[in-house]
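Thanks for coming. I will take a few minutes on one model, starting with what its side chains do inside.

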Amino acid sequence: MPSYSFTNKRTNLYIFLSAVFLTNALIAEIIGVKIFSGETLLGVPPAQIHLFGDFVLDFNLTAGAVIWPFVFVTSDIINEYFGKAGVRRISFLTAGFVAYSFLIIYAVTTLPPAQFWLDVNAKDGMGNPININNAFQLIFRQGLGIIIGSLTAFLIGQILDASVFQYLRRITGSRKIWLRATGSTLVSQLVDSFVVLGIAFYVFGNWSLAQVIAVGIINYLYKATTAILLTPVLYIAHALIDRYLGKEHAEELANESAMSSFM
């Protein structure tokens, strides 16, 4: 029987990892309306990649892409110690909170603005006239298609990630953490990258299928590269958890999660 102290630590670990997962996923969804230039950030010329004839693409990414990789890493850690059930539980909970957040944000954007708020914020720092209420709506509102596409892709990606992770764990055992973590992310994000764009901009928007594929390839290249680069973070997290739980207890928890996922 596990000790009371270990039981508490295991519960606290799941709560902490779930909080990190939920917080990063929620922030990524909200800030995802901003598009930034990856080339400008790195100080390099635009990529100007020609795909499918008419499409010339650069590495322009949503701001949410900055922290989504940490969602992937946290998901893999939860999967390692709490199995597919642990990932599914926090994934559906997160999707529910994200949907709730968008509902509240939409309701808030419909509230009538106070006149003094409009007057105080009538000009920007350069003295140019602005409508702060309109700016607030433009920043925080997202289209229904984007929300549906994002949540659908998120859930499909997480369920697929959890399944592939445990499949690879069955093959590798407790060895080769990098293989099951990176492998599951590469597979799940291949689907995620195209599902979100397909629903948001093809089904609900006016993009062509060729454009969805072209932009999806750029997004996937970024996610795949980031997943590989974050591999050391995964090992650091495992070392910290082993130290927190005790290596013997950590291995026991990981083995229990693997067995429950295969049943």
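A word on terms before the residues: buried means under 20% relative accessible area, exposed means over 50%, and partly exposed is in between, with a 1.4 Å probe and protein chains only. This is a predicted model, so local features need pLDDT of at least 70 and side-chain atom pairs count only at pLDDT 80 or more, while totals for chains, interfaces and linings use all residues. Residues are numbered from 1 along each chain as its sequence is written, and side-chain values use heavy atoms, without hydrogens and water.

Start with Glu80. At 4% relative accessibility, Glu80 counts as buried. What does Glu80 form a salt bridge with? The partner is Arg180, with the closest N and O atoms 3.0 Å apart; a salt bridge here is a side-chain nitrogen of Lys or Arg within 4 Å of a carboxyl oxygen of Asp or Glu. Glu80 sits in helix α3 and Arg180 in helix α7, so the pair ties together parts 100 residues apart in sequence. Helices are DSSP runs of H or I, at least four residues, numbered from the N terminus. Arg180 has a relative accessible area of 0%, so Arg180 is buried too. Together with Arg169, Glu80 and Arg180 are linked in a network of salt bridges.

The whole structure has 5 salt bridges. Another one joins Asp192 and Lys223, at 3.0 Å from N to O. That pair also links distant parts of the chain, with Asp192 in helix α7 and Lys223 in helix α8 (residues 209-229), 31 residues apart. Asp192 is buried at 12%, and Lys223 is buried at 15%. Asp242 and Lys247 form a salt bridge at 3.8 Å, but there Lys247 is exposed, at 52% relative accessibility.

Now the nonpolar part. A nonpolar core is a set of buried Ala, Val, Leu, Ile, Met, Phe, Trp, Tyr and Cys residues joined through side-chain atoms within 4.5 Å. The largest has 37 residues, and Trp68, Ile77, Ile78, Tyr81, Phe82 and Leu245 have the most contacts inside it. Helix α3 gives the largest share of this core, 13 residues. Apart from it lies another core of 11 residues, including Ala153 and Val195.

Ile105 is in helix α3, residues 68-109, and is buried at 16% relative accessibility. Ile104, also in α3, is partly exposed at 38%.

Key
Helices (H or I, at least four residues) and strands (E, at least two) are DSSP runs, numbered from the N terminus.
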